[in-house]
Amino acid sequence: MEQSLNYRNTQFVTSAPDIRHLPDNTGIEIAFAGRSNAGKSSSLNRLCDQKSLAKTSKTPGRTQLINLFKVDEGCHIVDLPGYGYAQVPLEMKEKWQRSLGEYLQKRDQLGGLVVLMDIRHPMKDLDQQLIYWAVESKLPVLVLLTKADKLKTGARKQQLMKIREASLAFCGDVEVELYSSLKGIGVDKLRQKLDAWYHTTPPLLAEEQPLPSE
């Protein structure tokens with residue numbers, strides 16, 4: 001069994017507008033992607049047990065750049081720009097979409113994709129298209145149903161089973177788990193999954209596939 005990484009030691013490395021401004025020798029990167037209101041920054045902070053590692057805001061869409069974090073030597077997390085919600089000018093939104101798409105299509109270090117969705121509003125069109133792209137690119141996917149504390153236990157379990165059943169249609173390595181930054185639901189399972197991906201050598205490299213646009 002692989003030794004678990006200490007995610008509390010995660011450090012911010014750099015922000016970049018595109019992959020040309022990212023370092024090359026990062027080892028394996030796990031990317032976090034999701035709609036701008038999915039609670040991505042809060043989820044990363046809870047994962048790493050740090051309150052302000054990833055900047056949060058009451059205004060969805062704060063993540064405008066590709067943010068790189070170092071967990072350990074050769075193990076990095078990438079926080080990708082949110083998609084599909086942010087109330088910003090169209091030109092700026094398209095710029096974010098280009099940098100997100102370019103990273104997913106061309107970043108050789110990518111070893112896995114975490115897709116975050118609000119448990120109350122899961123599997124929107126862009127979410128599904130992103131997962132289909134990852135499956136076609138032979139990438140493993142972990143779907144996190146965030147804000148799980150917003151539902152009562154019975155409804156939460158019912159939604160989990162529903163999305164797990166729906167995920168079978170992707171015909172790929174797609175797992176679904178509950179997650180709550182507030183209550184800590186699913187944090188240990190997320191860490192275990194990342195540990196497994198980081199210890200997969202070498203990572204499956206993404207083949208170029210067309211990425212959906214809004």
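Helices (H or I, at least four residues) and strands (E, at least two) are DSSP runs, numbered from the N terminus. In those terms the elements of the protein run β-β-α-β-β-α-β-α-β-α-β-α from the N terminus on. The model is a predicted one, in which local features need pLDDT of at least 70 and side-chain atom pairs count only at pLDDT 80 or more, while totals for chains, interfaces and linings use all residues. Residues are numbered from 1 along each chain as its sequence is written, and side-chain values use heavy atoms, with hydrogens and water left out.

**View 1. Overall composition of the protein.** The secondary structure comes to five helices and seven strands. Of the 214 residues, 51% count as buried; buried means under 20% relative accessible area, exposed over 50%, and partly exposed in between, with a 1.4 Å probe and protein chains only. A contact is a case of heavy atoms within 4.5 Å. Among contacts between residues at least 6 apart in sequence, 76% join residues at least 24 apart.

View 2. Seven strands form an open sheet with the order 1-3-4-2-5-6-7 and mixed pairing. Strand 1 and strand 7 are the edge strands, each pairing on one side only. The twist averages 25° from one strand to the next. Two strands pair if DSSP finds at least two bridges between them. Strand 5 and strand 6 run parallel and are joined by six bridges. Within this pairing, Leu116 stands opposite Leu144 in strand 6. Helix 4 packs on the sheet, where it touches strand 6 and strand 7, and its direction makes about 170° with that of strand 7. Axes here are lines fitted to C-alpha atoms, for helices over the stretch in contact, and angles run from 0 to 180 degrees between N-to-C directions.

**View 3. Helix 1 and its surroundings.** Helix 1 (residues 40-48) is mostly covered, with seven of its nine residues buried. These are Lys40, Ser41, Ser43, Leu44, Asn45, Leu47 and Cys48. They pack against strand 2 (28-34), strand 4 (75-79), strand 5 (110-118), strand 6 (141-146) and helix 5. Just after helix 1, Asp49 takes a positive phi of about 55°.

**View 4. Two aromatic pairs.** Rings of Phe, Tyr and Trp (its six-membered ring) pair if their centres lie within 6.5 Å; planes under 30 degrees apart count as stacked, over 60 as edge-to-face and the rest as tilted. A search of the whole structure finds two such pairs. Phe12 and Phe69 form an edge-to-face pair, 5.7 Å centre to centre with 65° between the planes. Phe12 lies in strand 1 (residues 11-16) and Phe69 in strand 3 (residues 66-72), so the pair ties together parts that are 57 residues apart in sequence. Phe12 is partly exposed at 44% relative accessibility, whereas Phe69 is buried at 3%. The rings of Tyr132 and Phe170 have their centres 4.7 Å apart and their planes at 65°, so this pair is edge-to-face. Tyr132 lies in helix 3 (residues 125-136) and Phe170 in the loop between helix 4 (153-167) and strand 7 (174-178), so the pair ties together parts that are 38 residues apart in sequence. Tyr132 is partly exposed at 36% relative accessibility, and Phe170 is buried with a relative accessible area of 5%.

**View 5. The nonpolar cores.** A nonpolar core is a set of buried Ala, Val, Leu, Ile, Met, Phe, Trp, Tyr and Cys residues joined through side-chain atoms within 4.5 Å. The largest has 36 residues, and those with the most contacts inside it are Leu80, Tyr103, Leu104, Ile131 and Leu145. Strand 2, strand 3, helix 2 (90-106), strand 5, helix 3, strand 6, helix 4 and strand 7 each supply at least two residues of this core. Its largest share, six residues, comes from helix 3. A second, separate core of 25 residues includes Leu53, Ile77, Leu144 and Tyr179.

View 6. Gln192 sits in helix 5 (residues 187-198) and is exposed, with a relative accessible area of 54%. Gln192 and Leu5 are 187 residues apart in sequence and 9.0 Å apart in space, C-alpha to C-alpha. Cys48 is buried with a relative accessible area of 1%, and Cys75 is buried with 9%. A search of the whole structure finds zero disulfides, a disulfide being a pair of cysteine sulfur atoms within 2.5 Å.
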